[in-house]
Amino acid sequence: MSNATAGSAYRVATAVGPRGLPRLLAGVASDGAVSLVTHRTAFPAPRRPGRHAAADLSGIVDEAGLRGRGGGSFPTATKMRAVAGAQGRPIVVVNGAEGEPASSKDRLLLARHAHLVIDGALLAAGALGADQVVVCIDRASTRTVHAVHEAITQRASANERSCAVRLFTVPPRFVAGEESALVSLLNGGEARPTLKQPPIYVRGVDNRPTLVCNVETFGHLAQIVNFGPRWFRELGTAGEPGTMLASISGDVRRPGVCEVPLGTPLAEVLDLAGARVQRLQAVLVGGYYGTWLAAADALDATLSNHSLRRFGAGVGCGALVALPGSACGITETARVLAWMAGESAGQCGPCLNGLAALAGAMRALAIGRAGRATLTDLHSWAGMVERRGACTFPDGAARLLRSALTVFAADVDHHVRHGVCVHFNSPPMLRVPAGGPPGPGDWR
Amino acid sequence: MSTERLVMKLDPIACDGRGICAELFPERIELDDWGFPIIDPAPIGNHLMKHARRCVSSCPMLALRLERVVGG
């Protein structure tokens with residue numbers, strides 16, 4: 001298959017990509033990692049690109065319609081062009097912080113097929129003229145850290161280093177993966193968000209233009225260069241092409257990661273993990289930073305921003321949690337909100353105080369100690385934290401809360417009138433990381 | 001018919017909720033339930049500019065600034 005793209009530096013991409021599914025997970029065994037030798041049978045080593053490479057590569061990525069898979073669904077080509085247009089030698093950062101508890105796909109892809117991700121980052125680095133790639137990984141994921149270390153070592157022994165690739169471990173905090181927090185950490189500071197002025201694509205790591213993309217995004221980028229944008233568009237929808245890694249958990253028989261085309265009905269995605277649809281009460285779409293959907297709405301929607309928009313939701317990082325009818329959505333949300341309040345970086349007043357207030361009121365509602373006034377407070381405080389932080393973490397907490405009050409409206413009413421519900425003591429479906437809130441030294 | 005106006009912007013990280021701004025510029029700033037400023041995002045008219053500037057320069061944390069926006 002040939003690609004008649006404008007990208008002269010990459011026009012030779014004639015390899016035949018995998019038909020159907022899986023793509024990113026093709027050749028990935030149930031255990032162990034794809035070695036460099038095996039990887040190179042399908043993917044040639046990224047070569048040093050010629051002139052106009054930045055324009056060529058962003059053109060190809062644009063043609064493919066690739067959007068970031070870390071949660072923001074931002075067009076990757078736009079990001080690349082912004083970095084290319086800034087002054088100075090850029091740096092490329094692979095964001096594998098994955099602080100979202102419901103997501104495990106970045107860890108999986110790095111642990112099983114780090115070479116694909118690193119190739120994607122090197123292709124972007126080559127095109128942008130960057131001399132460094134930094135792979136950031138949650139420190140708690142020792143297996144992933146080990147796999148990436150091994151992958152970098154294999155490349156060094158094969159004399160394959162078109163630019164320096166290094167590994168950087170990140171504290172296991174929710175907001176550590178926020179771009180500006182990551183840049184702050186890489187600059188020797190704490191993994192807390194900063195005010196992005198000037199933006200990090202102008203001045204990020206070492207004051208250089210910095211491209212930060214999600215792990216999965218770089219995996220897609222490598223495949224787009226190798227197999228072409230038309231191949232990429234063979235799956236997914238016209239507006240949201242390609243596949244996505246979905247992390248599925250909760251009331252399912254086989255929790256884990258599935259690769260599906262964007263636009264796949266959520267019912268099918270849940271079925272892949274062995275969801276028990278008959279007893280499904282709701283689905284949390286986009287993880288703890290996401291939105292609750294009532295079962296009927298979820299089973300009517302597809303995994304695409306186009307379909308989820310009418311519920312105020314989006315695909316986010318592709319994390320789905322199935323909540324059974326035997327669980328209490330109020331109690332589940334209260335537990336997550338309490339954890340999120342503890343994960344606030346504590347820098348912005350509305351986030352520090354507002355999330356604690358929201359979590360307290362939600363807990364009161366869960367344990368049956370809330371009246372109508374508590375509901376008024378919850379709505380009012382949700383509005384008081386939105387768009388008032390340096391980052392959008394408080395907005396996520398407010399979104400989760402608002403969707404819970406809507407989707408579990410009947411339960412809210414029951415809790416206010418009669419106290420706790422019969423499901424109060426059900427086993428937790430939405431797990432929160434152990435270890436409690438961070439102390440002052442836990443941000444590096 | 002000016003095409004360039006000023007809006008007030010807050011650095012939420014620098015702000016520690018002393019509330020002086022809301023006292024000096026109640027026309028455009030109110031405090032939330034925890035004492036942190038909620039700023040009206042609308043451009044500031046000339047009749048309020050003196051108050052706005054005094055408010056910005058009185059913030060002990062230097063968390064406020066006036067920012068130019070283009071458009072009417």
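The open sheet in chain A of this predicted model has five strands, in the order β6-β5-β9-β7-β8, and its pairing is mixed. At the edges sit β6 (256-261) and β8 (291-294) of chain A, each of which pairs on one side only. Going from one strand to the next, the twist averages 30 degrees.

Let's look at β9(A) and its partners. Strand β5 (residues 243-250) of chain A runs parallel to β9(A), joined by four bridges. Strand β7 (residues 280-285) of chain A is antiparallel to β9(A), and five bridges link these two.

| Residue | Opposite residue in β9(A) |
|---|---|
| A:Ser249 | A:Val321 |
| A:Val285 | A:Leu320 |

How enclosed is strand β9 (residues 319-324) of chain A by the rest of the structure? Largely so, because six of its six residues are buried. Both faces are covered, too: A:Ala319, A:Val321 and A:Leu323 are buried on one side, while A:Leu320, A:Ala322 and A:Pro324 are buried on the other.

Now for the packing. In soluble globular proteins, nonpolar side chains tend to be buried together. Here the largest nonpolar core has 54 residues, and the members touching the most others are A:Trp292, A:Met362, A:Leu365 and A:Leu378. At least two residues each come from β7, β9, α12 (329-343), α13 (349-366), α14 (372-385), α15 (393-407) and α16 of chain A. The biggest giver is α13(A), with 10 residues. Another core lies apart from this one; it has 50 residues, including A:Leu25, A:Leu122, A:Ala130 and A:Phe227.

Leaving aside residues up to four places away in sequence, A:Leu378 touches A:Leu358, A:Ala361, A:Met362, A:Leu365, A:Leu401 and A:Leu405.

A:His415 belongs to helix α16 (residues 409-418) of chain A. Is A:His415 buried or exposed? The relative accessibility of A:His415 is 1%, and the cut-off for buried is under 20%, so A:His415 counts as buried. Again setting aside residues up to four places away in sequence, A:His415 touches A:Cys328, A:Ile330, A:Thr331, A:Leu365, A:Ala366, A:Gly368, A:Val420 and A:Cys421.

On to the other chain. Where chain B meets chain A, the contact takes 11 residues from chain B and 17 residues from chain A. The size of an interface is often given as the accessible area lost when the parts come together. Between chain B and chain A, the buried area is about 1100 Å², with 64% of that from carbon and sulfur atoms.

Finally, confidence. The model scores ipTM 0.94 and pTM 0.95. Chain B has a mean pLDDT of 93, and 93% of its residues reach 70 or more.

Technical notes
Residues numbered from 1 in each chain as written. Chains lettered and ligands numbered in written order. Predicted model: local features only at pLDDT ≥ 70, side-chain atom pairs only at ≥ 80, totals over all residues. Heavy atoms only, no water. Buried < 20%, exposed > 50% of the residue type's maximum accessible area, 1.4 Å probe, protein only. Contact = heavy atoms within 4.5 Å. pLDDT = per-residue confidence, 0-100. Pairing = 2+ DSSP bridges. Core = buried A, V, L, I, M, F, W, Y, C linked by side-chain atoms within 4.5 Å. Axes fitted to C-alpha atoms, helices over the stretch in contact; angles between N-to-C directions. Buried area = accessible area lost by both parts, 1.4 Å probe.
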